[in-house]
Amino acid sequence: MTAVQAAVPKQKSKVFKLNTTKLNLFLDIGLALAFVVELERHFTGLRNHELIGLGMGIALIVHFVLHWKWSWGITKSFFRNLFHTSRLSYILNILLLVDMGVIIVTGILISETLGLNLGISRRSEQTFKSLHVLGSNFSLMLVGLHVAIHWKWILSNTKKYIFRIKSGQAKAAQPAFIAVKEV
Amino acid sequence: MNRKNNRRKALWIILFVLIVGLSGFALAANGSFENPLAAFIGGGQGGERGERPQMTGGETSERPPQGEMGERGGEQGGFSLSQIGSVLYNVWYLFAIAAVVIVVQTLGGGLIQRVKRRVSRAAST
C-alpha cells in the first residue's frame, strides 16, 4: 500500500516534467520569426513594432535564463582553453546581448505609442534613434551568425520535435532497449 | 552506411545552398535586396531597415520627419503586406549566413580530418 502511495507522486512529477530542449526550440523559433518581422517597422506598423519589441525583450530574458548554466560555465573557464569553438560562440553571444540590450533600451526610450512620456530632449532622441537603427542593422548579421553556429542543434531538434523523425542513433538503440526489457 | 549518410548529408547541403542562391537572385530581381552593412560602410547614420533604396540614382531614401510618421501606409496601424519583401529578405539573409557557415564548417572540418589522418599515418610509419 505504502509502495503504491509512494509511486503516485513520482508519476505526477513525470507528467509535469518540463522538456527544456523543446521549450528552447519553440522559444527560439518564435524569437527568430518575431525578429525578422520586427526588423521591418513598415511591415508591422509602429504600434505593433513596439509591442512585438517589448514581447521580444521578455522572451530574450527567458532565453538567457534558460542558457545561464552554459554562459556561467564558459565565463568561468574562458581563459583556460582560449582556442575553442565555444569561445567564438561566447564572444558572439556577448556582442548579441549588448546589441539587443541597446536596441531594447533605445527602443523603449524613443517609443511613441506605448504611452511612456520619458521627457527626452529632441537631440537625445535623435541619438537614440540612430543607435536603435545601427543596432538593428548590426543585429541581423549577429543573429544570422548565432543561428548559423547552432544549425546542427536546430536541425536535429526540429527533426525530433517538429517533424517527429527519430535520429539514426535512437533507431538503433530501440531494439536493444526492448531486448533488455524482455530479459 | 556511413558513406551513404555522408553523401545524403552533402546532397542536402548542396540543395540548401542552391535554394538560398536562387532565392537571392529572386529577391534581387524583385528589388528587395539590400545590404544591412551599407549603414556602416556608408558613413555612420545609415538608413532605417524597411526603407527601400530608391531605384533611380541608388540613393537611400531619407527618414521622414517626426510629424509625418503615421501618414505612410502601415506606419502606425496594422500590418502592411506590401512590405513582405523586406521580411523575406531578412529570412533570406539569415539562411544565407547559415549556408556560408555550413559550407565553411563542412569543408573546413573535412580538411582538418584529412590533415589529422595524414599526420597520424605519418607518425605511425
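This is a predicted model: local features need pLDDT of at least 70, side-chain atom pairs count only at pLDDT 80 or more; totals for chains, interfaces and linings use all residues.
Reader: Which residues does A:Ala148 touch, not counting residues up to four places away in sequence?

Author: A:Ala148 touches B:Ile97, B:Ala98 and B:Val101. Two residues are in contact if their C-beta atoms lie within 7 Å.

Reader: Why is B:Ala123 called exposed?

Author: B:Ala123 has 7 C-beta neighbours inside 10 Å. A residue is exposed if that number is 12 or fewer, and B:Ala123 therefore counts as exposed. The residue is placed in helix H3 of chain B. From B:Val104, B:Ala123 is 19 residues away in sequence and 28 Å away in space, C-alpha to C-alpha.

Reader: What makes A:Arg87 partly exposed?

Author: Within 10 Å of A:Arg87 there are 15 other C-beta atoms. A buried residue needs 20 or more and an exposed one has 12 or fewer, so A:Arg87 is partly exposed. A:Arg87 belongs to helix H6 of chain A. Between A:Arg87 and A:Arg123 there is a separation of 36 residues in sequence and 39 Å in space, C-alpha to C-alpha.

Reader: How do you know that the span of helix H1 of chain B agrees with its 29 residues?

Author: The expected span is 1.5 Å times one less than the number of residues. For residues 2-30 of chain B this gives 42 Å, and the end C-alpha atoms are 42 Å apart, so the two agree. After H1(B) comes B:Gly31, with a positive phi near 85°.

Reader: Why is H1(B) said to lie largely in the open?

Author: Burial requires 20 or more other C-beta atoms within 10 Å. Of the 29 residues of H1(B), the number buried is zero, so the helix lies largely in the open.

Reader: What pattern does chain A follow along its sequence?

Author: Chain A reads α-α-α-α-α-α-α-α-α, with nine helices and zero strands. Of its 183 residues, 19% are buried. Among contacts in chain A with a separation of 6 or more, 63% join residues 24 or more positions apart.

Technical notes. Residues are numbered from 1 along each chain as its sequence is written. Chains are lettered from A and ligands numbered from 1 in the order in which they are written. Helices (H or I, at least four residues) and strands (E, at least two) are DSSP runs, numbered from the N terminus.
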